[in-house]
Amino acid sequence: MKNKLLAVKSGFILRLSGVLASLLWTLVMHAQSVPHPYLNPQKFEKEINGKKTGIAFLKNKKGMTVAITNFGARLVSVIVPDKTGNPVDVVVGFNSIDAYIQAVGRNYGATVGRYANRMAKGQFTLDGTTYQLPLNNNGNNIHGGPNGFNEQVWDWVEKSDRAVTLAYLSKDGENGFPGNLKVQITFSLNDQNELKIAYTAETDKKTVLNLTNHSYFNLEGGGSVTGYQVYINADHYTPVNEAMIPTGEIVPVTNTPFDLRKPTIISSVVDAPHPQLKYGGGFDHNFVLNKQKGGKTPELAATAYSPKTGILMKVFTTEPGIQFFTANTLKGVDKDRNGKPINAREAFCFETQHFPDAPNHPNFPSTVLSPGEQFQSVTIYQLLTQ
């Protein structure tokens with residue numbers, strides 16, 4: 001009788017173990033099938049101007065997850081483990097296409113163009129012809145104008161769990177720019193936690209072009225960024241006037257708050273009594289990067305580090321400049337994916353670029369693209385912990 005009871009008990013335990021094992025396997029498989037911990041792909045499906053929006057996800061073996069939508073070719077989310085292994089979303093963003101459409105800020109995570117940053121009076125001249133762009137920034141043009149690349153639904157070219165390619169045709173005359181411009185962007189992720197953004201473009205008519213990604217970053221998932229340490233590999237920067245338009249000068253950073261050639265806590269310099277910082281309410285300036293290899297290979301441009309999470313961002317680029325922006329203009333009107341107001345200095349931007357208003361300053365690196373040429377630009381955001 002005793003042996004019979006033991007046999008029954010053993011059988012029950014085996015069956016229970018089998019059920020638990022099956023349940024565990026189901027949970028594992030389900031976890032693997034979930035592309036993101038809180039983004040629902042259905043909330044990114046919409047039709048805008050006859051084109052469908054959606055979202056794609058990249059993953060690597062280090063636990064880094066990237067979400068990209070074709071609305072504005074924008075980064076929606078970049079999740080990395082912090083120094084204790086807890087996941088942190090370092091991109092300020094929203095959980096649906098509708099939230100991006102309704103936001104007051106139009107550039108969260110977006111690709112901006114045709115001309116990123118500012119253009120004085122919205123004008124530039126090519127071969128004797130002056131082109132007028134729409135004015136959307138205190139009598140000037142910024143980020144190409146309203147309905148720029150950030151507002152367009154890009155075409156999916158390729159998708160995988162490691163790379164996504166998007167394309168957009170900007171037609172001749174769009175927002176005042178000449179030429180039919182074909183743009184392609186590939187976002188790719190490797191196991192070194194490097195998110196690479198590679199841009200290419202071609203035109204059938206001489207035009208000007210300046211592309212960047214306008215992600216707002218927060219290495220703690222929220223809260224002030226003024227305790228971060230920032231480094232920018234630049235001996236010079238381009239000062240601006242009261243309208244934030246470059247004066248055309250290229251001046252040394254030495255003995256100014258713009259000397260970030262050693263890791264510097266943002267709060268120690270952002271409110272320094274310097275007229276340039278007063279113009280922008282903090283940092284919103286183009287730094288002239290120290291280049292060693294002629295611009296064809298991405299070189300270290302900047303770093304940002306949060307002591308709280310131990311997350312270190314390294315930025316490498318082929319571009320000659322980087323705009324460091326401490327999000328001074330955010331007013332708490334928009335609420336992030338967690339429902340919290342996005343306030344000033346609760347994010348920062350590292351926008352790799354050619355210089356603002358370059359078409360109007362012959363001493364700045366040229367942004368002219370001619371037929372038969374191919375524009376190429378690469379930027380890498382690497383996210384590590386230390």
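Visitor: What makes the approach of the side chain of Asn117 to the side chain of Gln323 a polar contact?
Guide: This is a predicted model, and in it the two side chains come to 2.9 Å. A polar contact needs a pair of N or O atoms within 3.5 Å, one able to donate a hydrogen and the other to accept it, and the pair formed by Asn117 and Gln323 at 2.9 Å is therefore given that name.

Visitor: Why is Asn117 called buried?
Guide: Its relative accessibility is 3%, and the word buried applies under 20%, so Asn117 falls in that class. Asn117 is placed in the loop between strand 7 (111–112) and strand 8 (118–119). Beyond four places in sequence, Asn117 touches Asn141, Ile142, His143, Gln323, Gln353 and Pro356.

Visitor: What does the side chain of Asn141 reach?
Guide: The side chain of Asn141 reaches the backbone oxygen of Pro134 at 2.8 Å. Pro134 is also one of the residues in contact with Asn141 once neighbours within four places in sequence are set aside, and that list includes Asn117, Arg118 and Met119 as well.

Visitor: What makes strand 20 and strand 28 edge strands?
Guide: They belong to an open sheet of five strands in the order 20-19-22-25-28, with antiparallel pairing. Strand 20 (251–252) and strand 28 (349–353) each pair on one side only, and they are the edge strands.

Visitor: How do you know that strand 19 and strand 22 pair?
Guide: Two strands pair if there are at least two bridges between them, and strand 19 (residues 234–238) and strand 22 (residues 284–289) have four, in the antiparallel sense, so they count as paired. Ala234 stands opposite Leu289 in strand 22.

Visitor: Which strands are the edges of the open sheet with nine strands?
Guide: That sheet has the order 12-13-14-15-30-24-23-18-21, with antiparallel pairing, and its edge strands are strand 12 (155–159) and strand 21 (264–265), each pairing on one side only. Within this sheet, strand 18 (residues 229–232) and strand 23 (residues 299–305) pair over four bridges, and Gln229 stands opposite Tyr305 in strand 23.

Visitor: Which residues lie nearest the centre of the largest pocket?
Guide: Of the 37 residues that line the largest pocket, Asn107, Ile142, His143, Tyr216 and Thr329 lie nearest its centre, and the space in this pocket is about 820 Å³. Ile142 and His143 are also among the residues that Asn117 touches. Strand 26 gives the most to the lining, with four residues, and by class the lining holds 12 nonpolar, 17 polar and eight charged residues.

Visitor: What is the volume of the second largest pocket, and which element gives the largest share of its lining?
Guide: The volume of the second largest pocket is about 350 Å³. Among its 20 lining residues, the closest to the centre are Asp89, Gly221, Gly222, Asp336 and Asn338. Strand 6 supplies the largest share of that lining, three residues, and the classes are eight nonpolar, six polar and six charged.

Terms used: Residues are numbered from 1 along each chain as its sequence is written. This is a predicted model: local features need pLDDT of at least 70, side-chain atom pairs count only at pLDDT 80 or more; totals for chains, interfaces and linings use all residues. Side-chain values use heavy atoms; hydrogens and water are left out. Helices (H or I, at least four residues) and strands (E, at least two) are DSSP runs, numbered from the N terminus. Buried means under 20% relative accessible area, exposed over 50%, partly exposed in between (1.4 Å probe, protein chains only). Contact means heavy atoms within 4.5 Å. On a 1 Å grid over the protein atoms alone, a cavity is a set of points where a 1.4 Å probe fits but cannot get out, and a pocket is an open set with protein on both sides within 12 Å along at least five of seven lines; lining residues have an atom within 4 Å of a point. Grid points are joined across faces, edges and corners, and a volume is the space filled by probe spheres set on the points. Ala, Val, Leu, Ile, Met, Phe, Trp, Tyr, Cys and Pro count as nonpolar, Asp, Glu, Lys and Arg as charged, and the others, Gly among them, as polar.
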